There are 2 protein chains.
Amino acid sequence: MALRHAVLAALLEGEASGYELSKRFDIGVANFWSATPQQLYRELERLDDAGLVNVVVVEQRRRPNKRVFSISDAGLDELYAFTTQPTRPPAMRDGLLVKVQALDAGDADAVTKALGERLAHAQGKLARYDRLRDRLLAGRSEAEYVRASERIGPYLTLMGGRMFEQQSMRWITAVLEILAVRSGRGQAVTAHPGGGRT
Amino acid sequence: MALRHAVLAALLEGEASGYELSKRFDIGVANFWSATPQQLYRELERLDDAGLVNVVVVEQRRRPNKRVFSISDAGLDELYAFTTQPTRPPAMRDGLLVKVQALDAGDADAVTKALGERLAHAQGKLARYDRLRDRLLAGRSEAEYVRASERIGPYLTLMGGRMFEQQSMRWITAVLEILAVRSGRGQAVTAHPGGGRT
DNA sequence: AACTCCATGTAACATGTTACATGATTCG
DNA sequence: CGAATCATGTAACATGTTACATGGAGTT
């Protein structure tokens with residue numbers, strides 16, 4: 001049930017509508033959890049039913065009404081309790097890794113292309129994280145920020161996100177180099193056994 | 001449908017029973033995909049139905065019979081096709097990150113403890129990966145291995161796994177240091193707003 | 001006129017988790 | 001004698017994905 005707690009944690013940063021949350025949890029932006037809009041709308045219903053969030057309907061002039069959610073006292077208790085509960089280590093589930101694992105029986109050019117795309121994606125995410133970091137630090141050094149700021153959680157997960165993307169980039173770069181070496185090596189690429197399908 | 005292709009990719013390393021596969025895909029070992037035994041048994045049924053694997057029932061003397069699976073020609077075609085298909089960037093979903101994000105409203109000691117446990121877990125995985133790497137290299141240098149070995153996919157994902165765990169360890173270490181600085185800072189920990197639940 | 005943004009949802013499906021059940025064998 | 005390992009599964013549930021639907025406002 002970690003989606004539930006991820007939503008509560010996100011609401012610590014301030015109240016939000018489902019739509020606003022769906023942007024914070026967008027896969028291309030999220031640094032501590034990601035979820036689709038549909039998951040969020042469903043979960044927000046449940047959180048409301050469980051009394052873990054407060055809801056206010058905000059009527060808007062030239063826009064559809066929105067329901068603005070904030071964390072309730074019961075929600076804060078629930079979130080506190082969550083931090084004391086065990087969590088399992090995360091599962092590796094990345095299609096790109098499967099492609100790389102299957103490289104020898106797959107289309108090496110296609111995998112190389114996919115690696116390049118992932119590299120660009122990581123670069124984009126990193127740039128966003130860096131902008132966010134600059135905004136958080138607001139001119140202060142990290143040491144200053146760490147001492148002075150009220151909250152530290154968001155900064156720490158942001159750092160995690162940055163390091164993760166940098167790490168991805170290093171891995172992809174290393175893989176691409178190795179693939180370049182191998183494609184330039186005497187031995188040609190072995191034709192794929194099926195010989196072309198249909 | 002990446003589980004399907006992960007299983008096919010795993011079978012490139014040789015035939016296996018469901019039970020054997022479940023060990024390769026164990027969350028504490030897997031370096032390119034993880035899955036529970038139940039998922040694997042279900043998926044192997046489907047792969048069999050779709051003709052993507054060959055199945056041989058091996059009768060054993062003092063053991064229950066086992067069904068040994070290997071990738072079929074159709075399976076190789078399917079896997080090849082998969083390497084040309086787009087995959088989405090992976091979703092961040094780690095309960096530990098949620099805890100860290102919620103640190104300021106949570107139990108800092110419990111989160112610190114969880115970070116320590118994750119650090120140990122990462123260390124263990126790294127050690128396993130290192131042993132696997134030594135076995136793969138079999139005394140050769142990486143450069144030699146890259147030039148000479150038939151397959152490269154498994155080595156590359158292994159490298160990915162190693163780098164990922166090292167990266168996790170660096171992040172956790174940095175977080176623990178920052179938390180140590182903050183807990184030693186003038187300002188005491190703010191009591192949690194709910195004040196104790198129930 | 002077409003497209004994107006705001007704002008919400010439903011329905012159907014695919015995937016992943018947890019608990020349980022069975023039964024022999026080997027290890028300490 | 002109890003625990004771990006080998007080997008397979010079923011059932012129920014929780015979570016996540018995809019496609020679609022609605023409708024006004026602003027933008028090109």
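Student: Across the interface of chain B and chain A, how many residue pairs are in polar contact?

Tutor: A polar contact is a pair of N or O atoms within 3.5 Å; within protein, one must be able to donate a hydrogen and the other to accept it, and residues adjacent in sequence count only if both atoms are side-chain atoms. Here the rule finds 28 such residue pairs, both at pLDDT 80 or more. This is a predicted model, where local features need pLDDT of at least 70, side-chain atom pairs count only at pLDDT 80 or more, and totals for chains, interfaces and linings use all residues. Residues are numbered from 1 along each chain as its sequence is written, chains are lettered from A in the order in which they are written, and side-chain values use heavy atoms, with hydrogens and water left out.

Student: And how many salt bridges does the rule find across that interface?

Tutor: Look for a side-chain nitrogen of Lys or Arg within 4 Å of a carboxyl oxygen of Asp or Glu. The rule finds 2 between chain B and chain A. One of them joins D104(B) to R151(A), at 3.1 Å, N to O.

Student: What area do chain B and chain A bury between them?

Tutor: The size of an interface is often given as the accessible area lost when the parts come together. Buried area is counted with a 1.4 Å probe and summed over both parts. Chain B and chain A bury about 7,200 Å², 67% of it on carbon and sulfur atoms. Y80(B), M92(B) and Q101(B) supply 11% of the area chain B buries against chain A, more than any other three residues.

Notes: Buried area is the accessible area (1.4 Å probe) that two parts lose on being put together, summed over both.
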